[in-house]
Amino acid sequence: MTEASISSKLEMLVHDDSTGAQRCYLGPREITILNVPLGSFICVVTPTKDYICSLWPSKVRNDGSMIYSKTVCRIKALDNTDSKYRLKPLHVSEGKCIHIDVVCNLSDIARFRKYENLNKKISRICSNCLYKMCVAENFVVDLRHCNLASLCGISKILITKIPSGSLVKVDAEAFIISSHTEIVVDNIRSNEKFNQVSKSTRKLIGGLDDLMQTLEDLIKLPFHHQKQFKQLGTSLPHGILLRGPPGCGKTSLVRHIANNCDAYLIAVNGPEVIGPHPGESEDNLRKLFQHAILAAEEGPCILFIDEIDVLCPKQAKSGGLEESRLTSQLLTLLDDLPADHRLIVIAATNRPSALHPSLRRPGRLDREIMINVPSMAQRREILDLHTQVLPLAEDVDLDWLAEITNGYVGADLAALCHEAAYLALGRFIVKQSERQHIHQEDFLTAFRKHRPSLQKGVEGIVDLKPVLWEQIGGLEDVKQKIKQAVEWPLRHSEAFARMGLPCPRGVLLYGPPGCSKTTLVRAAATACHATFLSLSGAQLYSPFVGSSEKMVAEVFQRARMALPSIIFLDEIDSIVGKRSEGGHRGVQERVLSTLLNEMDGVGIKLDDKMDSQHSRRILEGSIQDVEQHNSKVTTLRRNNLDILVVAATNRPELLDEALTRPGRLDRIIYVPPPDRQARLDILRLFTQKMPLEGVDLMLLSSQTEFYTGADLENLCREAALNALTRDMETTKVTYADFVKALYYNRASLTPESIEKYSRYKSSTFDVSFKIKERKVL
Amino acid sequence: MVKPSAVPDNASGPNFCQLVMDISTNEETKVRSQLHKSFKAVKNCLSTWKEALAACQQPLYQVENLCEQHQCCSDANIEQSGIIKPFPDIKMRLLHKIDVELEEQLSRINVEMKKLDNCCERIGKHCHYSMKSYQENSPYIPLDKVLEQTPTCPAISDMLEWLQQIERLVFQQYHCKKYLLEMFSPKNKDGTENLKNTWSLGDQELINTVEEYLSYTSFFLEEKIT
């Protein structure tokens with residue numbers, strides 16, 4: 001029998017012994033197979049870890065079982081491909097010298113530092129703790145059950161190096177520590193950091209490479225080049241503020257960086273610090289900083305405070321005594337950090353405007369880094385990363401998926417992938433198929449189910465019923481214009497950038513009611529996968545002063561977060577009227593002024609700005625190098641992705657002139673009532689599924705002058721109902737039914753009303769003509 | 001000494017043990033005789049160990065008391081009180097006296113520690129000899145002989161394991177005590193507290209374990225192996 005045959009018959013049992021003896025107990029059959037004397041050391045190879053144990057017969061002498069101690073283990077397996085348990089006899093020799101790292105609690109490290117002859121003392125203690133143990137390179141000795149070690153505060157010993165030539169036998173794989181073995185303590189490490197390093201799995205982050213580099217430099221440079229910093233006389237940065245919407249990877253970024261920089265990470269959530277008793281929160285905060293400073297003595301340390309806005313809210317808004325005490329405590333602690341510290345404080349928030357301003361001054365949280373909602377390329381990277389482990393079918397188009405998931409943050413994309421995998425799993429279970437792949441269809445279903453977290457809890461988000469351009473009959477000219485104004489800047493932004501065209505800020509659709517203005521906007525939104533927010537008068541007005549304006553601002557902020565986006569203001573005349581000259585200031589005027597400011601104001605609130613990382617402004621007169629010049633095109637492309645305000649009204653004359661000037665609603669498109677051809681198209685569309693008999697749609701279209709699209713839809717419905725009234729069993733709609741319907745359904749437009757719109761059109765023609773001229777592609 | 005429950009009450013006397021000591025090979029006898037010697041040594045060491053520990057109790061109590069005195073004396077703010085003005089160096093003298101007394105008590109403990117160290121060394125040596133004897137002879141002794149056990153005589157494998165366990169425990173216990181004494185200083189409150197609280201921690205466990213193993217081997221020890 002061979003070694004492999006042992007493993008196939010072994011029933012593994014873990015031995016977590018209280019004595020800490022390094023033993024493994026096997027049945028007589030296995031001992032015979034191994035053919036080594038009792039008490040010799042063997043290596044127990046498991047899929048994830050290796051253990052060194054001495055061999056002893058099991059107490060009940062039963063074959064096929066094994067109990068082993070986990071005292072001496074190595075995390076990396078010798079052979080990763082091997083998924084089975086194996087036993088391997090070891091060639092053992094006595095060691096002359098070993099190098100070790102001692103792992104102990106943070107508080108004990110401080111105690112050790114007080115010792116005279118520190119290394120000598122510790123190496124003697126370690127020598128006693130390891131006495132007669134068998135170890136090899138990179139193995140960790142767990143000393144939880146060793147009385148002497150726990151008395152001294154040592155919890156683990158890591159064997160870092162065995163110098164060549166220190167073994168008595170050359171071919172030895174492991175060695176026994178005797179009283180003559182010289183022990184060299186290389187490092188004293190804290191338990192906390194050791195556990196963090198051994199636990200951390202290198203989880204990758206997608207789409208944040210340049211940001212990661214910036215942050216890494218900020219953290220690594222002061223840690224690794226302290227001397228140079230001193231020579232230059234510059235002070236080390238104290239803190240960094242990360243801001244960005246929730247779910248975009250602030251926390252994972254910090255974890256990743258801590259891992260990369262080999263720094264000890266103390267992560268704490270803002271609310272965790274707050275205690276119920278007076279003074280407790282401040283105490284917790286002080287303890288946290290003390291712990292961090294202690295840990296920083298050992299090596300680089302990052303103190304990460306998530307949701308810091310909870311700890312330090314703006315004083316004016318909260319007014320609570322406790323918050324202000326907590327804020328001042330945090331400020332004091334940040335100011336009191338020792339000058340040559342190796343501690344960096346990173347705070348994260350998604351509401352930077354709610355943060356106490358004094359926290360953001362240099363010397364406290366010096367740097368501010370914005371993490372944005374991922375762009376399309378970033379989404380592609382994130383999707384790549386999440387789908388790495390998934391078995392994708394060939395039809396999955398990640399590029400397309402990245403395109404349609406506008407407004408999705410990293411967490412949303414992860415959830416999307418999981419949902420798709422989950423759906424695929426359900427299918428496998430039903431079909432019992434062997435080849436398991438995730439198809440595009442699964443992603444699509446998941447996409448329909450999943451709502452991006454940015455859109456949760458926001459006013460104005462609507463569940464859009466998708467409409468295709470083909471579903472709108474007639475109006476070819478208007479469709480083309482809308483495509484130009486809405487679709488082109490979003491879909492062909494490169495072409496706009498190439499031609500140096502600014503993207504239009506707003507589009508106003510006006511025309512008689514029922515002429516499919518709303519449907520046109522819906523079709524535009526469907527075609528370009530932009531975030532679609534809709535605001536109506538009823539949503540906006542509230543009995544509280546100021547809340548309407550706040551809502552407008554909020555909707556614009558959300559739209560800015562999830563660029564590119566379309567804000568649709570239906571019946572804009574009811575939302576904002578004309579500014580009266582009488583001096584009476586109503587809510588409509590205030591909303592109007594907010595809207596004007598948001599669309600084309602001096603600027604947006606700095607804290608709400610989302611693109612600080614991406615758009616690097618080029619100042620006048622500044623020297624541009626080639627690289628910058630090249631990046632200009634891409635920057636332009638990004639800037640083009642903006643908010644597009646689309647408004648619809650049937651009373652354009654009621655609108656304020658400031659709203660319709662270029663730079664705001666600069667594209668003014670008249671959606672006319674359908675002409676004869678358009679009516680024919682519309683009728684064809686609505687009667688597509690009707691069983692017609694002897695109905696001349698051409699004739700009908702000529703008879704329905706001044707009928708709008710909605711009127712025509714109603715007409716067709718009435719005709720069908722007439723047919724059913726005539727006979728419930730009928731299978732056809734006749735011309736007579738239509739004539740009857742025509743009699744009851746009169747046209748909603750009159751020549752006068754159309755005349756009114758044409759008058760308005762001629763008055764605004766000059767403006768829109770100029771703009772149109774510029775936008776020829 | 002407590003007899004192991006596995007042994008029947010009537011299973012005593014030379015005849016029964018004769019049966020057990022039916023040693024098949026010369027090699028096995030060698031190993032068993034070494035184990036016999038080793039467990040005899042362990043038995044002797046245990047009594048020495050117990051005596052030494054008992055002898056430590058008195059000086060330890062003294063040390064604890066003296067430490068308290070030392071701390072009280074050094075904490076006392078006697079310079080300011082008027083009564084002691086004629087004796088300006090009384091605090092220094094008092095502390096010196098306490099220190100001398102402490103030294104004396106500690107040296108008494110150290111004498112006992114030396115005994116513990118000897119025990120430790122002796123058990124270590126015997127463990128080494130027994131393992132060596134087994135490893136040298138192991139090619140000639142079949143495994144079933146090594147694992148063979150009778151109600152009165154434990155298996156060679158078990159005895160070897162027990163010896164190693166005893167050695168480990170004794171070594172740890174001795175070094176714990178040594179560490180506590182090293183860390184001890186009358187000025188250091190933590191060291192004193194540690195000495196008081198941790199000194200006898202694990203002593204009883206060690207004695208119980210060793211006595212348990214000795215009781216398993218009691219019949220084996222009564223035997224004469226030739």
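Modeller: Here you go. Chain A exposes about 38300 Å² (Shrake-Rupley method, 1.4 Å probe), and carbon and sulfur atoms supply 52% of that. This is a predicted model, where local features need pLDDT of at least 70, side-chain atom pairs count only at pLDDT 80 or more, and totals for chains, interfaces and linings use all residues. Residues are numbered from 1 along each chain as its sequence is written, chains are lettered from A and ligands numbered from 1 in the order written, and side-chain values use heavy atoms, leaving out hydrogens and water.

Biologist: Thanks! How many helices and strands does chain A have?
Modeller: Chain A has 31 helices and 26 strands, taken as DSSP runs (H or I, at least four residues, for helices; E, at least two, for strands) and numbered from the N terminus.

Biologist: Now the interface. How many residues of chain B are in contact with chain A?
Modeller: 28 residues of chain B touch 29 residues of chain A, with contact meaning heavy atoms within 4.5 Å.

Biologist: And how many salt bridges are there between chain B and chain A?
Modeller: Three, each a side-chain nitrogen of Lys or Arg within 4 Å of a carboxyl oxygen of Asp or Glu. One of them joins B:E161 and A:R23, at 3.3 Å from N to O.

Biologist: Which elements of chain B give two or more residues to that side?
Modeller: They are α3 (90-137), α4 (143-147) and α5 (156-183) of chain B. The largest share, 17 residues, comes from α5(B).
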